[in-house]
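Please look over the sequence and the model first.

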Amino acid sequence: MSQLRPARRRAGRPSATGATLAPAAEEWRNWAGTQRCLPGATASPVTLDDVVSVVGAAAASGRRAKVVGSGHSFTGAAVTDGVAIHLGRHCRVLDVDADTGLATVEAGMTLARLNKVLAAAGLALPNLGDIDAQSLAGALATGTHGTGAAAGSLAAQVVGLQIVTADGEVRSCSPERDRELFEAARVSLGALGVITAVTLQAVPAFSLRAQEAVEPLERVLAGLDHDVAANDHFEFYWVPHTDLARTKRNNRSDEAPRGGRMRRFADRVLLENVAFGGLCRVERRWPELTPRLAPVMAAGGNRDIVDRSYRIFASPRLVPFVEMEYALPRAAAGEALGRIRDLIEREALRVAFPIEVRFAPAEEVWLSTSHGRDSCYVAVHQFQGMPYRRYFDLVEEVMVNLDGRPHWGKLHTRSAADLAPHYPQWSRWQDQRSRVDPDGMWGNDYLAQIFDPRPPA
């Protein structure tokens, strides 16, 4: 961790460029339009000293503060009427070691840029989610994950963190230094301070062969154990109102890239976004057509391409939607799909978006949704502007009954009282929060909902 500054220090003088608190010029809203707020002030720090200065100014004014990333969380994690700290300019490369695979970058860097930085050094992250627009800090804070029976979440790839706490201290933590803070901060919901730098354990760059196909849902469920075990990264999407699923099998490959940039553009932009978005708009206008259009949603030719890993993992998401996702015990995947299918039919729901199913191994990160158990992730979506609350509430009831844990950055209604028993290290995480933020500087209504036993009225 020599790349990070020493633990428990105060930065020097702030720069003149990004340390100033300014009145908010406009309302902030997230990508999906599910959250909005008008902060009392905003700041866009550039340097570490700027961050310390901004935190100090917020504390001196008696205001709470929240770090704002790219707005890809569906929850109120970044909502504040205090100081909104935008980290988009705090995004330098600090150190990349091609021999050890250790890469340290400032936490405002987007995943898209991080992937290119690593690729230039002959490196890659072993697993990623399916979008790359998030800031690294935001992706970590909410527990972003991909899919793969042996491929952990983004937080599991972190080996060191630098964080500015509410008292203005700059702390470096790792498995060897301030271990408890490190374990708490890998998934923190922004409740512990401003994560300013991250050291990740990368691997040598690799390519993936991506094979996609439309298959009968029953066949997919029957072969689930085999597919999850036999593929590096397996997932599928079930299209409601049909018996069909689109499967994705991504495996490491030594083949030369193939599939072509134009083919990828046609598949990922024209089909998955432009055409799909057009169908969603028709269904929003005439929801009674949804079951009849569902087979069209499921249609599409098989694909078989090879490319760099990060280009296979991430896809553009141009169609706006809202989402809820739950992590279930791995063995509950089939039962969950069956129950959701039954409730959609029973309640005559009109669901335009496919249901995404992914997999992850057990890991030790304290607030990881796959902590301590092999997991299946089930994500439900609805096109922006279409009714979703009743659908999500009914699915959430299914997820809760199957011992589910909600994704921290996606819509849910859970609270501290019923979340705490699902996380063996909950009290240790809370101890670290009390230690580094005793006065609740980083709090907001969402954090009160999920972490405080008795949220304020």
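The model is predicted: local features need pLDDT of at least 70, side-chain atom pairs count only at pLDDT 80 or more, and totals for chains, interfaces and linings use all residues. Residues are numbered from 1 along each chain as its sequence is written, and side-chain values use heavy atoms, with hydrogens and water left out.

**Helix H10**
- Helices (H or I, at least four residues) and strands (E, at least two) are DSSP runs, numbered from the N terminus.
- H10 has 14 residues and spans 20 Å from first to last C-alpha, close to the 20 Å expected at 1.5 Å a residue (1.5 Å times one less than the number of residues).
- Ala 333, Ala 336, Leu 337, Ile 340, Arg 341, Leu 343 and Ile 344 of H10 are buried (under 20% relative accessible area; exposed is over 50%, partly exposed in between; 1.4 Å probe, protein chains only).
- These residues lie on the same side of H10, because their arc around the axis is only 165° (taken from the directions from the helix axis to the C-beta atoms).
- Glu 345 and Arg 346, on the other side of H10, are exposed.

- Strands S6 (residues 93–96) and S7 (residues 102–106) run antiparallel, joined by three bridges (strands pair if DSSP finds at least two bridges between them).
- Val 93 is opposite Val 105 in S7.
- Five residues separate the strands of this hairpin, and Gly 101 in the turn has a positive phi of about 80°.

- Leu 189 has a phi near 55° and sits in the loop between helix H4 (179–185) and strand S11 (194–201).
- Leu 189 counts as buried, at 2% relative accessibility.
- Just after H10, Ala 348 has a positive phi of about 55°.
- Ala 348 counts as partly exposed, at 46% relative accessibility.
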